[in-house]
Amino acid sequence: MRGFNKYFAMAKASLEVIFVYRAGFTVNLIGSVFYVVAMFYLWQTIFLGKPGALGVFTWPEMKAYLIVAFILNSTMTWFDEWQMGADIREGRVATDLARPIDFQLKRFAEASGPIPFELASALAIGAVVAFVFGGIALPADPAHLALFIVSAALATLLKFSIIYCVSMTAFWTTGMEGVSNARMAVQNIFSGALIPLVFFPDWLRGLASVLPFQGMISTPALTYLGAMDGPTTAFMIGTQAVWALGLFLFGRLLWRSAVKAVTINGG
Amino acid sequence: MSSMPLIEARGLTKKFRQAVKEPGLVGSLKHFFTRQYRDKMAVDHIDLSVEAGESVAYLGPNGAGKSTTIKMLTGILVPTEGSLIVDGLVPYEKRQQNARNIGVVFGQRTTLWWDIPVIESFNLARDMYEIPVKRYKQNLAEFTELLGLAEFMNVPAGKVSLGQRMRADLCMALLHDPKMLYLDEPTIGLDIAVKDSIRKFIRRLVDERGTTVMLTTHDLGDIEDICNRIVIIDSGRIIHDGDLGALKDNYARDRVIHFQLARPPESMAAICAGLPACETTSDDGLRLSVRFDRFQYAAGEIAAAVMPHVEVIDFHIDEPEVEDLIRKVYLGQLSLTAPESTAEATESAVATGA
């Protein structure tokens with residue numbers, strides 16, 4: 001593991017940067033609090049209209065779903081297409097290329113560095129929100145919790161891989177903000193971040209099941225709730241792993257061919 | 001192998017594909033549907049070999065292909081054609097391994113982490129290059145002293161001055177004892193004192209550590225203080241490769257001395273008469289410029305010839321700019337030692353597309 005020391009060091013440095021930009025981080029955090037509270041009131045209204053269970057979820061389960069989604073959304077908030085695109089377009093990646101480091105692993109280290117802090121803040125806020133709204137469903141079985149942790153880790157890798165792949169469009173386009181927004185919109189729908197996928201009409205749910213995004217929120221959240229039977233859970237986490245690793249490798253391939261094919265601008 | 005040069009490039013070429021777009025909305029629309037491209041030869045079949053311990057100035061006007069060459073040498077860009085070996089490695093094939101042997105400083109771009117204290121960037125370099133702790137401490141202590149880094153060691157790179165940043169960038173590039181140091185305009189925008197200390201430092205590296213240096217610059221001072229050899233590139237081709245003394249004797253003979261006068265001179269003709277073979281001009285009556293050949297006159301002689309005719313308040317001498325030197329070389333104003341013949345023969349074999 002000696003070769004990974006450098007990436008650990010870079011991850012640590014990027015965690016430190018979060019503290020430099022603590023004002024920005026705090027504003028982001030406050031924004032996300034408003035968002036999760038709004039989601040809670042929205043879904044509370046829906047559930048109050050239909051006392052008991054709505055489809056497959058009870059209200060405590062739905063609350064748990066929202067909290068889990070909130071926590072999963074709280075990681076890697078500083079890694080986006082816009083920043084990577086700017087680095088590519090303005091030729092800053094040249095600096096990285098002149099170093100004995102792997103470009104993708106460096107990006108991964110930098111994206112992961114802040115996770116302990118992001119996670120700690122999200123857990124604290126999540127606990128307060130959950131308390132205020134009368135508690136959430138806890139995993140019925142410790143095995144669910146363990147599987148959830150695996151699934152959540154895969155969800156984070158998947159998020160990185162997707163953003164990394166999408167960022168590579170910076171080699172061909174300058175409109176990274178549009179690209180980033182488009183990815184966010186598609187992700188919010190098909191990951192189940194806005195509405196659990198079970199509430200989708202069949203055709204839309206079918207589409208979601210062949211896309212990688214469900215692995216970002218839906219799969220770990222359902223694993224937490226123990227909403228899927230054993231084989232289904234294994235299949236879904238396996239699918240998640242295949243997407244996460246597949247896209248990670250695909251990103252490497254994209255980067256390599258892009259670097260070969262395209263000039264590094266600026267200078 | 002010890003007999004091999006540190007850098008060995010043969011027929012090194014980089015072609016870029018540039019989008020060709022007609023002006024205006026119609027042009028943009030046309031471009032959207034039928035993209036047209038044109039190949040631009042950034043580096044055109046250059047041959048270059050650099051021995052260990054040399055300090056080479058790599059010069060040329062903007063867009064001549066300097067940075068492109070450096071980027072190929074560092075493994076950042078893949079050459080379109082030709083062969084390239086740096087310290088026994090093909091840089092773009094073994095990019096990471098090559099990166100361990102080289103240090104790179106871009107004058108216009110920092111390699112330090114912007115938001116964290118300078119010392120922590122150095123610590124990251126230690127981890128990235130896996131520098132043995134003892135060696136790291138030695139180097140850090142030495143560079144800190146030589147470059148005067150102590151006063152801003154704990155300040156984030158984004159908050160230090162340009163001169164401080166450049167000094168820290170140099171340290172950053174050298175902590176892992178690279179054999180080869182690439183400097184891309186290392187003194188751009190710096191004040192005289194900082195320029196001077198940076199040049200002395202680099203010269204010392206070459207002399208004491210035997211580091212091989214290749215630098216691009218637009219500042220003659222950099223070359224004079226650091227380099228033994230000058231390579232000039234223009235439009236992607238090497239048009240001069242030789243030592244500095246010869247180049248200066250041949251191309252930098254002219255000096256211009258400027259006088260600030262108290263009153264307009266009574267007779268320009270009288271001044272000119274005293275200075276045959278010089279070009280004497282006076283633009284607004286209170287300024288007088290004399291262009292002279294430094295092998296023919298000393299600056300003092302010019303001053304002595306001018307003083308009796310006018311009252312001089314102030315004067316200064318223009319040093320020739322590298323830009324002028326290069327311009328002269330490629331305008332062919334002065335005879336050249338024949339540059340190495342470029343590989344014209346292989347040109348017909350250029351495969352198009354890729």
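Modeller: The account below starts with the basis of the model and then turns to the sheet. This is a predicted model, in which local features need pLDDT of at least 70 and side-chain atom pairs count only at pLDDT 80 or more, while totals for chains, interfaces and linings use all residues. Residues are numbered from 1 along each chain as its sequence is written, chains are lettered from A and ligands numbered from 1 in the order in which they are written, and side-chain values use heavy atoms, with hydrogens and water left out.

Chain B has two domains, domain 1 (7-249) and domain 2 (253-319), with bounds from an automatic or database domain assignment. Their C-alpha centres are 40 Å apart.

The open sheet of chain B has four strands in the order S11-S12-S10-S13, with antiparallel pairing. Strands here are DSSP runs of E, at least two residues long, numbered from the N terminus, and two of them pair if DSSP finds at least two bridges between them. Strands S11 (279-281) and S13 (312-318) of chain B are at the edges with a single partner strand each, so one side of each has no neighbour in the sheet. From one strand to the next, the twist averages 15 degrees, taken between axes that are lines fitted to C-alpha atoms, with angles from 0 to 180 degrees between N-to-C directions.

Within the sheet, strand S10 (residues 254-261) and strand S12 (residues 287-293) of chain B run antiparallel and are joined by seven bridges. One bridge pairs Gln260(B) with Arg287(B) in S12(B).
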